[in-house]
Amino acid sequence: MSYEEYYTWQEDVPGFGKAAQEKLKNCTALVSRVGGLGGPLAFSLAAAGVGRIILAHGGELRPDDLNRQILMTHDGLGKLRHEQATETLRRFNPDIEVESVGENVSEDNAADLVGKADLVFSCAPLFEERLLMNREAMRQGKFFVDGAMCSMEGHVLAVRPGESTCLSCLVKEPPAYWNRRFPVIGAVSAMVAQIAALEGIKLVTGFAEPALDHLIHVDTVAMRMKKVKLLRDPDCPYCSNFAS
Ligand SMILES: [Zn+2]
C-alpha cells in the first residue's frame, strides 16, 4: 500500500509541503534513550514519517518507569526497553525503519551511532551522555537537539553545527549537584519532547527556523515559555574547532 496519505495533514502546514516530507523520509534520526522524554519524542518522529529512527537505550522496564515511558506497556515489565520501544514504533508506522541498540550512548559507541544519523536527539538524564553526544554531533557536523527536564521545568537547545551555540558552550563539565534520580511528571517530559521534536524537524526540513543561539525554557508551574539568548563561546573546543 501507499503511505502517502499518512502525511497529508502536515504537508498542508505553510512552508511544509511534499518537499519537507521528502526530507523527513530521507532522514535518519538517532534518539538516545527512549524514556520519559525520548519515548514521546521518537513517537512523534515516527508519526511525522522520519524515514529511519535509531533508538539507543539499555536496561529492562521497571514499574517506576511507567508514569512516563509511554512506548512501553505493563506487559513489558522486566523486559528490554529498547525492544519494546522498537515494536511500538513499528506497529504504529510500518512506513519507517526502526533500528534499536540495547545500550546507552557511551565513549565506546558514540562515534558510530552519531555517524549513522543526520539528526541527533540527546534525551539522556546524565550530563556525561548529553555532552558526549554534543561533542560527536559537532565533530561530525550533524544536526543536534538536546532536551532536558527536571520536575516542572524543561530546556531545549537546537544546534546547527559550526553555526550556532552548542551544549558545550553552556556546560563545560557535568555539574556535581546533578542526581540521576529527579522528579518527573510524564506530561512535562512529554511536552519538552514535543518541543525538541519540532526543533529537529525544522533543522532537517528548513520549513521554519529553529531557535538557534537560544535556550528554550519552559516553566509548567507558571505556564510560561521563554527563549534565553546565548552567547557562543569562541573558544569552545567542540563547535568552534571541529566543524568550522
Ligand atoms: Zn560550543
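Two residues are in contact if their C-beta atoms, placed from the backbone, lie within 7 Å.

**Figure 1. Overall view of the predicted model.** Residues 24 or more positions apart account for 69% of the chain's contacts with a separation of 6 or more. The chain contains eight helices and eight strands. Its C-alpha trace spans about 50 × 40 × 40 Å along the principal axes. A compact globule of 244 residues would have a radius of gyration near 18 Å, and the value of 17 Å for the chain therefore agrees with that expectation. Of the 244 residues, 42% count as buried.

**Figure 2. The largest nonpolar core and the surroundings of isoleucine 53.** This core has 65 residues, and Ala42 and Ile53 are those with the most contacts inside it. Helix α8 (residues 186-205) gives the most to the core, contributing nine residues. When neighbours within four places in sequence are left aside, the contacts of isoleucine 53 are Ala29, Val31, Ala42, Leu45, Ala46, Leu89, Ile96 and Val98.

**Figure 3. Helix α3 (residues 38-48) and the glycine that follows.** Nine of the eleven residues of helix α3 are buried, so the helix is largely enclosed by the rest of the structure. The buried positions in α3 are Gly38, Gly39, Pro40, Leu41, Ala42, Phe43, Leu45, Ala46 and Ala48. Just after α3, glycine 49 adopts a positive phi of about 85 degrees.

**Figure 4. The crossing of helices α2 (residues 17-25) and α8.** The two helix axes come within 9 Å and cross at roughly 105 degrees. Because angles of 65 to 115 degrees count as roughly perpendicular, α2 is roughly perpendicular to α8. On the α2 side, Ala20, Lys23 and Leu24 take part, and they meet Ile201, Val204 and Thr205 of α8. By class, the contact of α2 with α8 comprises four nonpolar residues, one polar residue and one charged residue.

**Figure 5. Phenylalanine 121 in strand β4 (residues 119-122).** Phenylalanine 121 has 30 C-beta neighbours inside 10 Å and therefore counts as buried, the threshold being 20 or more. Apart from neighbours within four places in sequence, phenylalanine 121 is in contact with Ala29, Leu30, Val31, Ser32, Gly38, Leu41, Val145, Gly147, Ala196 and Gly200. Phenylalanine 121 and glycine 200 are 79 residues apart in sequence, yet their C-alpha atoms are 7.9 Å apart in space.

How values were computed: Residues are numbered from 1 along each chain as its sequence is written. This is a predicted model: local features need pLDDT of at least 70, side-chain atom pairs count only at pLDDT 80 or more; totals for chains, interfaces and linings use all residues. A nonpolar core is a set of buried Ala, Val, Leu, Ile, Met, Phe, Trp, Tyr and Cys residues joined through C-beta atoms within 7 Å. A residue is buried if 20 or more other C-beta atoms lie within 10 Å of its own, exposed if 12 or fewer, and partly exposed in between; C-beta atoms are placed from the backbone. Helices (H or I, at least four residues) and strands (E, at least two) are DSSP runs, numbered from the N terminus. Axes are lines fitted to C-alpha atoms, for helices over the stretch in contact, and angles run from 0 to 180 degrees between N-to-C directions. Angles under 35 degrees count as roughly parallel, over 145 as roughly antiparallel, 65 to 115 as roughly perpendicular and the rest as oblique. Ala, Val, Leu, Ile, Met, Phe, Trp, Tyr, Cys and Pro count as nonpolar, Asp, Glu, Lys and Arg as charged, and the others, Gly among them, as polar. The radius of gyration is taken over C-alpha atoms; the globule rule is 2.2 Å times the number of residues to the power 0.38.
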